[in-house]
Amino acid sequence: MLDIAFKNMWQRKTRTGLTVVAISVCIMLFLVLSTATSSMDRMFTDSKDLLNGQMYVKTPSTQAGNALEFPPVSSSLTAEKASQLMNVSGIDPARSAPLLLVPQAPSLFQSGPPQVIAVGIPEGHEKAYYSDTAFETGKGTLNGKNDVILGSYAANTYYKVRVGDTLNLQNRNLTVVGIAKPTGSILVDGMVLTPLSTAQEIFSRPGVSTVILTAPSDDQVDSLAASVRGQFPELEVMTQKDVGETLNSMASMTHTFMGMIDLTMLVVAGVVTLMVMFMSVSERTKEFGMLRAIGASRSKILTLVLEESVIVCLLGSIIGILISFIVMKLMFGAAFASVDVIFRAVIFMTLIGIAAGLIPAYKSSKIQPLEAIRYE
Amino acid sequence: MSERQVTVTVEKAGGQIVLEARNLKKSYRMGKVTVEALRGIDISISRGEFVSIIGPSGSGKSTLLNLVGCLDSSTSGQVLVDGQDVSRLKEAALTGVRCRKIGYVFQKFYLLPFLTALENVELQSRLAGIKDSRAKAAEALRLVGLEDRMNHRPAEMSGGEQQRVAIARALVKAPALLLADEPTGNLDTKTGDLIMDVFRRLNKEGLTIVMVTHNHELAAQTGRIIKVRDGLIEGA
C-alpha cells in the first residue's frame, strides 16, 4: 500500500505540504530552544569554573532584580576605594585587579552575561581576569595604551578581526595584540580587554566597576572574604560560591522561561499536527468506505493511514532539523544539537502524527462501508 | 496476501443458484420512529442470469442490493452468496466475500481520484490477491473498451468512461456476481445505453448481474424483473 500512500500524498500536494511545514516548524523551534537552553547551561558552568579562588567586590545593587547580576557591570567603585581594596592584606596581587566592565553586546538569554564585554584592567594584571586561558594568536599582555586583547567569540564572530588589525571602540582605534583560544566561558570568549586607563577614557568613567580579588590558595578564600566584608561593610563580596548561586538562579529563571516556551510550543505543535491530520483523514471517510466496499480490510486502511502519517512526520522532521541547523548557525555561529534532543523531537512528533491519523482512520474503518460511502 | 490465479473472462454456467435471500428484513430507527425498509424478502438468482430490481424511490430496492452485497447488515433473515451463508459472518470474513465474490458498480462510480484507470483496477486485483495484477487490470479495461484511456485519472474521463472503469474494477476479480446500483443514473441516455451494452455482453459471456434501477426501459433489457414496493416483492 506504500505506493498508494505516496500517490495520495502527491495528489494532495497542498495539504501534504502544509502538514509537513507545520511539523517542520515545530521540530525546528523545539530543537533551537532546547539547544539554546543546554548551551546556556554549559556557558554558565564554564564561567563559574573559571572563578577558582576568586571573588568580586562590588557596590550593593540598587534594584532588587540586579542582585543576580553577573558579572557586576552596574556596580561602581571610586578609584580610591579600588586602591584600598587592592591593599587588603592576604591577597595574591598579581591575580587581583580593579575592573571597569562595559557590556558591548547584549546577553543571548534573559538576565545572562553579555555576549561581548569591554574590560578595563591595569597592565600586568590581565591574568586576574582570564586566568590560565591559552592564546590562539598574539600574546596575553597589554603593553601599549592602545592595545586590546580579545576573546575568541569577540574576535572571530563579533568583530571579525585578527591580531594586528585595528579595532574601533567608541571612536578610539585600538590594536589587537592577542586573541584567546575558545574556553566555553562567556566571560573570556566575549572579552575586549584594554588597559584600565584607556577604558576609563573611552567610556568617560573615572572609577571602576568592581575589584576582583584572589586568595593565595583556595582554603583562604573564605577568610579573605570575611576580612573584606569586615573592613568594607558598605560593599558586597561575591565569592565563587555566591557567583555559582547567582548563575544557578539566573539559569533556573531562564530555564523556567525557556521551559514554558518549549512546553507551549510542543503543545501547539501537537495540537496543530493533530488537527491537520485529523481533518485530512476525516474527510477521507468516503474514500475508506469505497475501499472497504471493494474488499480492503480494516487493517489495510489503517496501514495506509499509518504509512502516510509516518512519511509526513519523518519528512517534516528532516526538514525541521535542517532549518534548525541553519537558524542555529545564524544565532550561535555554529550548528549543533544533541542526538538525544533530535531523537526526542522526532519520536514525539511521529507519535502525535500517528495517533492523529490512526484515531479517525480507526473510527471511519469501523463504520459500515455503506455508511462511509454515503458520508459527506 | 494469498495469490489466486483467475482469468478475467467470465465462466459459463447455468442453473446453479448464486444468490439467495430468505425472509430478509431490515429496519432503521429514525429518532423515535422505526422504519421498516425491507419486510421479508425472498429472492433466488441463478448463475448466468441478468436480473433487474425496480421500484419507486424509497421502496427498498437499494437496501436489498446493499444487504445481498454485504455492504450493510440485515435485521433478520439470511443471505447466501455462492452457497455460503453470509448473514452472520464476522467483519473480516465479510471483507473476504466483498473482495473476491462480489463486484460492485455504483451510481457515482467511486473511483480513487488520485489513481489512473489502470491503477484503480489494479488496486482491486491486488486487494483480491490476484497474480499479475497489472496485466489482469489491463485485460479488464480492454474488455470494457478502455485500452486507450488506461493512464488517465478519473477527472480526465467522461462519466461513461469512469463507469466503465468501475465495471472493469468489478470484473477484474472474476466475481460470482456483479451488483449494480443505478449504474446509468449519472449518465446521459446514450452513455447509459453504452453501459447497458457492456452489461449485456458480459452477461452473454456468463456473468451474473443484478441491477437496481428505476428506469423501466433499462429493466426491459434484462432477463428478469423483480419489482419491489414498500419493502416487499410485488406479486410474491
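**The sheet around β1 of chain B**

Modeller: Strand β1 (residues 17-30) of chain B pairs with β2(B) in the antiparallel sense, over eleven bridges. Before going on, note that this is a predicted model: local features need pLDDT of at least 70, side-chain atom pairs count only at pLDDT 80 or more, and totals for chains, interfaces and linings use all residues. Residues are numbered from 1 along each chain as its sequence is written, while chains are lettered from A and ligands numbered from 1 in the order in which they are written.

Helices (H or I, at least four residues) and strands (E, at least two) are DSSP runs numbered from the N terminus, and two strands pair if DSSP finds at least two bridges between them. The whole sheet is open and has four strands, in the order β2-β1-β4-β5 of chain B, with antiparallel pairing. At its edges stand β2 (33-46) and β5 (84-85) of chain B; each has a single partner strand, so one side of each is left without a neighbour in the sheet. Helix α1 (residues 61-68) of chain B packs on this sheet and touches β1, β2 and β4 (76-81) of chain B. A contact here means that two C-beta atoms, placed from the backbone, lie within 7 Å. The direction of α1(B) makes about 120° with that of β1(B); axes are lines fitted to C-alpha atoms, for helices over the stretch in contact, and angles run from 0 to 180 degrees between N-to-C directions.

Chain B also has another open sheet, of six strands in the order β6-β7-β8-β3-β9-β10, with mixed pairing. Its edge strands are β6 (102-105) and β10 (232-233) of chain B, each of which pairs on one side only. Strand β9 (residues 224-229) of chain B runs antiparallel to β10(B) and is joined to it by two bridges, with Val228(B) opposite Ile233(B). In total, the secondary structure of chain B comes to seven helices and ten strands.

Of the 236 residues of chain B, 50% count as buried, that is, with 20 or more other C-beta atoms within 10 Å of their own C-beta; a residue with 12 or fewer is exposed, one in between is partly exposed, and the C-beta atoms are placed from the backbone. For contacts in chain B with a separation of 6 or more, 72% are between residues 24 or more positions apart.

A nonpolar core is a set of buried Ala, Val, Leu, Ile, Met, Phe, Trp, Tyr and Cys residues joined through C-beta atoms within 7 Å. The largest one has 107 residues, and those with the most contacts inside it are Leu141(B), Ala168(B) and Val210(B). Helix α2 (residues 13-49) of chain A gives the most to this core, with ten residues. A second, separate core has 59 residues, including Met40(A), Met43(A), Leu174(A) and Leu187(A).

The contact between the chains takes 15 residues from chain A and 19 residues from chain B. On the side of chain A that touches chain B, α1 (2-11), α10 (285-293) and α13 (369-374) of chain A each give two or more residues. The largest share, four residues, comes from α1(A). By class, this side has eight nonpolar, five polar and two charged residues; Ala, Val, Leu, Ile, Met, Phe, Trp, Tyr, Cys and Pro count as nonpolar, Asp, Glu, Lys and Arg as charged, and the others, Gly among them, as polar.

Chain A has 13 helices and ten strands, and 43% of its 376 residues count as buried. Five of the five residues of β9(A) are buried, so this strand is largely enclosed by the rest of the structure. Strand β1(A) runs antiparallel to β9(A) over four bridges, with Gln54(A) opposite Thr214(A). Strand β2 (residues 97-105) of chain A is also antiparallel to β9(A), joined by three bridges, and there Pro98(A) stands opposite Val211(A).
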